[in-house]
Amino acid sequence: MALIEWGDVDSGMKKSFSKGGGAGGNDKYLKLSPGNDYKIRPVGNPCTFHAYYVSSPTDPKRFNRAITEDPANCVIRQKYNVEPKTRYAVNVIDRADGKLKIMEAPPSVFDAIKSWAKAANQDPGSKSGADFEIRLVVPASGDRKRTEYKTTPIVQTPFTEDEKEMLKAKGLWDLEKEYAPTPQSEIEAKLYGPSAPVAAKAPVAAAAAPVAAKRPSNSSEDLGF
């Protein structure tokens with residue numbers, strides 16, 4: 001998982017389809033469900049991560065998910081020839097109830113927000129950001145796995161005084177904590193169950209040299225107000 005700038009969202013992704021976004025059923029997450037419309041206001045920087053989704057061995061209707069720290073050398077990729085999916089997440093204000101939540105979605109949603117940012121020359125997660133409408137459209141066939149995420153900017157929307165106070169008082173959800181990767185020694189059991197054979201530790205690429213560029217921040221103190 002890595003915090004990134006909006007301009008670093010990968011716009012080279014193929015058209016994304018999904019069963020739905022987010023996790024959990026409480027106010028911490030904005031769960032995107034097929035067939036519904038959502039209005040959101042991004043807050044701060046997004047994060048990107050690589051996750052495996054594997055059918056549960058005990059319930060084929062459910063999926064086990066695990067985030068890998070090294071998609072190129074992960075033991076799951078090497079042993080099962082399964083590619084992780086690239087996903088993004090960001091803090092948002094849910095216009096339905098005004099609460100700060102975590103929105104997780106496929107690359108197409110974040111690519112659309114990035115396109116607005118480039119055209120408007122604005123940072124979507126700062127005080128000069130905008131509201132966006134996300135429509136989850138299910139194809140006529142009814143196949144929810146091919147739900148499309150149609151993302152449209154609505155209007156440039158500065159934070160209200162109440163929203164500023166909320167963000168200052170509560171801060172943002174810690175995306176680095178929420179999307180921390182599963183260790184290589186545990187990821188197979190998390191996806192395939194405790195009976196999965198323990199695989200040899202996958203080789204990990206050498207750590208890159210420290211980069212001098214400023215690391216993206218996800219603090220409510222850096223939103224420009």
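Which strands are included in what covers the buried residues of helix 3? The model is predicted. Strand 4 (37-55), strand 6 (85-94) and strand 7 (99-105) are among the elements over those residues.

## Overall layout

The protein chain holds five helices and nine strands. Read from the N terminus, the order is β-β-β-β-β-α-β-β-α-β-β-α-α-α. The chain has 225 residues, and 42% of them are buried.

Take the contacts in the chain with a separation of 6 or more: 72% of them join residues 24 or more positions apart. The accessible surface is about 12300 Å². Carbon and sulfur atoms account for 50% of that surface.

## Helix 3

Helix 3 spans residues 161-170. Its buried residues are Glu163, Lys164, Met166 and Leu167. They lie on the same side of helix 3, because they cover an arc of only 160 degrees around the axis.

The face turned away from the buried side carries Glu161, Asp162 and Ala169, which are exposed. After the helix comes Gly171. Its phi is positive, near 70 degrees.

## Second largest pocket

What lines the second largest pocket? The lining residues are Asp27, Gly98, Lys99, Leu100, Met166, Lys170, Gly171, Leu172 and Trp173. Strand 7 and helix 3 are the elements that give two or more residues to this lining. The volume of the pocket is about 180 Å³.

By class, the lining has four nonpolar, two polar and three charged residues.

## Arg135

Arg135 sits in strand 8, residues 130-137. Is Arg135 buried, partly exposed or exposed? Its relative accessibility is 36%, so Arg135 counts as partly exposed; the partly exposed range lies between the buried limit of under 20% and the exposed limit of over 50%.

Leaving aside residues up to four places away in sequence, Arg135 touches Asn36, Asp37, Glu148, Tyr149 and Lys150. Arg135 and Leu32 are 103 residues apart in sequence. In space, their C-alpha atoms are 9.2 Å apart.

How values were computed:
Residues numbered from 1 in each chain as written. Predicted model: local features only at pLDDT ≥ 70, side-chain atom pairs only at ≥ 80, totals over all residues. Heavy atoms only, no water. Helix = DSSP H or I, 4+ residues; strand = E, 2+ residues; numbered from the N terminus. Buried < 20%, exposed > 50% of the residue type's maximum accessible area, 1.4 Å probe, protein only. Contact = heavy atoms within 4.5 Å. Areas by Shrake-Rupley, 256 points an atom, 1.4 Å probe, with all protein chains shown as cover. Arc of directions from axis to C-beta. 1 Å grid on protein atoms, 1.4 Å probe; cavity = no way out; pocket = protein on both sides within 12 Å on 5 of 7 lines; lining within 4 Å. Points joined across faces, edges and corners; volume = space filled by probe spheres on them. Nonpolar A, V, L, I, M, F, W, Y, C, P; charged D, E, K, R; others polar.
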